[in-house]
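Subject: Structure handover

Hello,

Here is the structure we discussed, with the sequence alongside. My notes on what was found follow below.

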Amino acid sequence: MAQYVIALDQGTTSSRAVLIDKKGQMIDVAQREFPQIYPSPGWVEHNPQDILLSQIGSLSELVGRNNLKAADIAAIGIDNQRETTLVWDRTTGEPIANAIVWQCRRTARLVDELCGDPQIAQTIQEKTGLLPDAYFSASKIKWLLDNVDGARDRAEAGELIFGTVDTWLIWVLTGGAVHATDVTNASRTMLFNIHEGAWDPWLLDLFTVPASMMPEVRPSSGSFGETHYLGIPQGIPIMGVAGDQQAALFGQCCFEAGQAKNTYGTGCFLLLHTGAEACHSKNNLVTTIAASAPGTGHLEYALEGSVFMAGATIQWLRDEVGLLTNAADSEAMALAETDTGGVYLVPAHTGLGAPYWEPDARGTLVGLTRGTNRNHIVRAALEAMAYQISDLVKAMEADSGAPLTQLNVDGGASRNNFLMQFQSDVLGCELHRPQNPETTALGAAYLAGLAAGFWEDTNALKALRSNDDVFTPKMSRVRAAELLDGWADAVRRTIM
Ligand code: ADP
C-alpha cells in the first residue's frame, strides 16, 4: 500500500520535492536553487535544463534518502511558477531558447501595440478574465516565434510545442508521452477562454500562435501520465497539477464560493473562490480558474488580486534603509509603540496594483513629526500590508457581492503575530493560520491524492486540518474606520 504522495513545487528561484503522508504531514523536503538569468534590464530568463535538473535532482534526493520505491508513492502532484513560457521541439525535446519568466518585461511594448485598442482589451478581459499584460504567456510565445531564428517556420510546420513549466515537467517526466497542462495554468496564458474551457482561436490569431503548439488542457485533479525517466522510479502516476496560487487556495481547503486565502510573501496574492461563477471585476482584479476536486463536473473560478510590495517593504527597510537587521524583529518593534503616531507608509515603490492600478506612483511616507521614531516607521510598513489587503478585500466584496467572513493566511510574513492581529482588526473578520505553512505543496499533493484515491474526498482533507492559529478582531469598528480613512488619504497623496 502506498503511504505517500510527492509534491513537486517548482518555484521562481528553487525547485522542491515534498514527501507528504496520509495525515497531510510533511515528512521530508529536498530543495535545489537554480540560476536567474538577466540578459538585459527588465528581462528575466530560466534555462529549461536548470529547471529540469533542479526538479529531478530534488526528487531523486528525496526518493534516495527515504528509500522509496514506486509502490510507496500513490501519486505525484505538481505546482509551479505560473505564466513562464517554454517552446521546444516535439521530436528531440530540445528547447529553442531559454524560458521567458513571468517577471520579464520584454514584451510590454508588444502588448501595448496588440492590445492598446480598448475594444480589444475588453474582449481579452471578457474571454480570459485577465487584464492584458506582458506577465501572461501569450506575448512571450509570440516573441519567441518572431525572434528565434527559424522558429516561426518550424512552429507552422508542427515541429514546435509550447508549455508553461508544468507542461515542460510533465512532458519530460513521462518521456515525451504527454503534452498537457491543467485548467489553472491554461487560465494564465491569456490564450484560454475561461468560460468555454478551450484555447481561443481569436486569441491564438491575435498573438499569431499556431494551434498545433498548444497542450491538451485537463482538469487539475486527474491523470497526466506516469513517470518514465531514467534515474527515478518508473510508473508513478502524475495525478495533480495547478499553478502555485491556485494550489495554495486548494491547500488551504478553500473549496467553495466565499472562501479566500492570502499569501504574505515578498508580495501578496489574495484569491477568493467564487464557485461556478466567473466573476467579472470592475476593480482591476483578474478572474482566474480555481483547481477543482475530481468529479466537480464544471469549471470553478476565483478572483485574484496582488500586492507588489508586502514583505518586500520590510526587506527594503532592512537592506536599503537599515532600520532593522532581521525581518522577524519587525514584530517586537511594532509592538513597542501603541500606534504609528499618525505615520503612514504607502509602499508604491514599483507603482500601485489593484484596485488602484497606478504603475507610475511612487512610495510615500506621510504624517512625520518630531516624535516619529524607527518603530513607528516599521509599524507603518507592517500596517501598510494589512491596508493593501483590506483594499483588495473591499474590491472583491464589491465584485462578488458577498462579504468575506474568514481569511486563511500563509507565507513568510504571516508568522508575524502583530501583523495578523492588525489585519483581523482592520478587516473585521477572523484570520486562520494553519500549522502547516506549506499550503502550495499541500495543494498539489491534495489534488494528486484525491485523484489517486489516497484521500477519499475534500471532507477527508478538511479533517486533516487542526489547531489553526485564529486571530479575531479586537479593535472597535470606529477606530478601524479612522485608521482606514487615514490610509485612504495617504494613498490619495501618493497618487496625486
Ligand atoms: P517568497 O516566497 O515571496 O520569497 P516568503 O513567503 O518566504 O516569500 O516570505 C518572505 C518575505 O516575508 C520577505 O519579504 C520578508 O521580509 C518577509 N518576512 C519574513 N518574516 C517576517 C516577519 N516575521 N515579519 C514581517 N515580515 C516577514
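I start with the ligand. It is surrounded by 15 residues, and the closest are T266, G311, Q315, G412 and N416. Please keep in mind that this is a predicted model.

By class, the shell around the ligand consists of six nonpolar, eight polar and one charged residues. Helix α10 (residues 311-321) supplies the largest share of that shell, with four residues.

- N416 uses its side chain, where an N or O atom is 3.0 Å from a nitrogen atom of the ligand.
- S330 also uses its side chain, with an N or O atom 3.3 Å from a nitrogen atom of the ligand.

As for the ligand surface, 580 Å² is exposed when the ligand is taken alone, and the protein buries 69% of that.

Next, a pair of helices. Two packed helices are described by the angle between their axes and the distance between the axes. For helix α1 (residues 48-65) and helix α6 (residues 165-173), the axes come within 11 Å and cross at roughly 65°. The crossing of α1 past α6 is right-handed.

Which residues make the contact between α1 and α6? On the α1 side they are P48, Q49, I51, L52, Q55 and I56. On the α6 side they are V165, W168, L169, V172 and L173. Sorted by class, the residues of this contact are nine nonpolar and two polar, with no charged residue.

Two backbone details remain, each in a loop.

The peptide bond from A354 to P355 is cis, and its omega is near 0°. P355 sits in the loop between β18 (344-346) and β19 (364-366).

M190 has a positive phi, near 70°, and is a residue other than glycine. The loop that holds M190 runs between α7 (183-186) and β10 (192-193).

Regards

Terms used:
Residues numbered from 1 in each chain as written. Predicted model: local features only at pLDDT ≥ 70, side-chain atom pairs only at ≥ 80, totals over all residues. Heavy atoms only, no water. Near = heavy atom within 4 Å. Polar contact = N/O pair within 3.5 Å; in protein donor to acceptor, adjacent residues only side chain to side chain. Areas by Shrake-Rupley, 256 points an atom, 1.4 Å probe, with all protein chains shown as cover. Nonpolar A, V, L, I, M, F, W, Y, C, P; charged D, E, K, R; others polar. Axes fitted to C-alpha atoms, helices over the stretch in contact; angles between N-to-C directions. Left-handed = near helix turned anticlockwise from the far one by under 90°. Contact = heavy atoms within 4.5 Å.
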